[in-house]
Amino acid sequence: MKTKKLLITSAFLAFAFSGASFAAEPVKELNLYSARHYQTDEALYTDFTKKTGIKINRIEADDNGILERIKSEGDKSQADVILLVDAARLWRAQMHNFFAPVKSKYLDERIPQNLRAAADAKGTPWFGFSTRARVIVYNKATVKRSDVDTYEKLANPDNKGKVCTRSGSHPYMLSLVGALIERDGLTATEEWAKGMVANMARSPRGGDTDQIKAVASGECGVTLANSYYFARMMQSDKSDDMTAISKVGFIWPNQNAGGVHINISGGGMARNAPHPQEAIQFLEYLASDSAQEYFSNGNNEWPAVPSVKVDNPALKSLGGFQAEKVSVAAIAKNQIAAQKLLDQAGYK
Ligand code: FE
């Protein structure tokens, strides 16, 4: 009887003690609003918590969902770090004043200047953490490779009835057009958009994977896709994906003509971050060697930090390429001009 009472007492004491230590040392945490959700990202967050003791509370949605949520939360937003996909969306977040100033020598040193937006008038920067390329995919039976090996050639009259793309208001298209405005000038890009509209095999619809499949089936002759969609299909063991990949050719566009268009996924610290120190710690962690590898390879992308290499057989098999020299910040600034130009051309 006495033993039992003692046991209860010690159990109670242990409970009281753990409660006391909990109160004395509050849990360090971080609220992450992320439009990225890959299985490998999971391992990344666990590793960060293990290294720093900072618990990550995740709010996940697609890019529009994240942007809408932060907008509706306003000044009460609990977001510490915002991760988005494509410079077009990071720019949108910046225009909505969603980001906070970040001073980090480490981030400035690690992330190349062309893959981030320097602090604007409000002092708010954002950073790219992985890169992707916008490539050309064509049907090997119906299209000659040399007829479609630059973005500009897709708008040539000889490609009438062959071109498919996703919607002209999608960020991937807006960013590409933003890049072309930088590279070829506004007038030439306006003409390009008209040529593209005249060449459509069908009205723009679907995502990048749908375009690749439509090219494989012969409904379209040529399309644009982000590199990771192609790499993902290459690695698929589904028979329809394998058949599709066998029918299409892959092109690094504009080699020796300005390079392939490069975009990013990235993020920044949120304007009202309740845990600013933890937020910067997390952003810096994302730029570290091990996190860079995980973050990029998980979605068949490339690390933003140039010294970090990934071992991805699918990407390796596509060979080396020349990337565009335009900065993602310059591309992002052309969003409104890009949308206007596409609307005027009747790009759906
Ligand atoms: Fe995507």
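Me: Is Cys-164 buried or exposed?

Reply: This is a predicted model, and the assignment rests on the relative accessible area, where a value under 20% counts as buried. Cys-164 has a relative accessible area of 0%, so the residue is buried.

Me: With which residue does Cys-164 form a disulfide?

Reply: Two cysteine sulfur atoms within 2.5 Å count as a disulfide, and by this rule the count comes to one disulfide. One partner, Cys-164, belongs to strand S6 (residues 163-164), while the other sits 56 residues apart, in the loop between helix H8 (208-217) and strand S7 (222-226), so that the pair links distant parts of the chain. The sulfur atoms are 1.9 Å apart, and the partner of Cys-164 is Cys-220.

Me: Is the disulfide of Cys-164 and Cys-220 left-handed or right-handed?

Reply: The handedness follows from the torsion about the S-S bond. For Cys-164 and Cys-220 this torsion is about -80°, and the disulfide is therefore left-handed.

Me: How are H8 and H9 oriented to each other, roughly parallel or oblique?

Reply: The axes of H8 and H9 come within 9 Å and cross at roughly 60°, in a right-handed crossing. Asp-208, Thr-209, Ile-212 and Lys-213 in H8 meet Tyr-229, Phe-230 and Met-233 in H9, a set that divides into four nonpolar, one polar and two charged residues. Angles under 35 degrees would count as roughly parallel and those from 65 to 115 as roughly perpendicular, so H8 and H9 are oblique.

Me: Which residues of H10 meet Phe-230, Met-233 and Met-234 in H9?

Reply: Helix H9 (residues 227-235) packs against helix H10 (residues 239-247) at an angle of about 120°, their axes being 8 Å apart, which means that H9 is oblique to H10. H9 passes H10 in a left-handed crossing. On the H10 side, the residues that meet Phe-230, Met-233 and Met-234 are Asp-241, Ala-244 and Ile-245.

Key. Residues numbered from 1 in each chain as written. Predicted model: local features only at pLDDT ≥ 70, side-chain atom pairs only at ≥ 80, totals over all residues. Heavy atoms only, no water. Helix = DSSP H or I, 4+ residues; strand = E, 2+ residues; numbered from the N terminus. Buried < 20%, exposed > 50% of the residue type's maximum accessible area, 1.4 Å probe, protein only. Axes fitted to C-alpha atoms, helices over the stretch in contact; angles between N-to-C directions. Parallel < 35°, antiparallel > 145°, perpendicular 65-115°, else oblique. Left-handed = near helix turned anticlockwise from the far one by under 90°. Contact = heavy atoms within 4.5 Å. Nonpolar A, V, L, I, M, F, W, Y, C, P; charged D, E, K, R; others polar.
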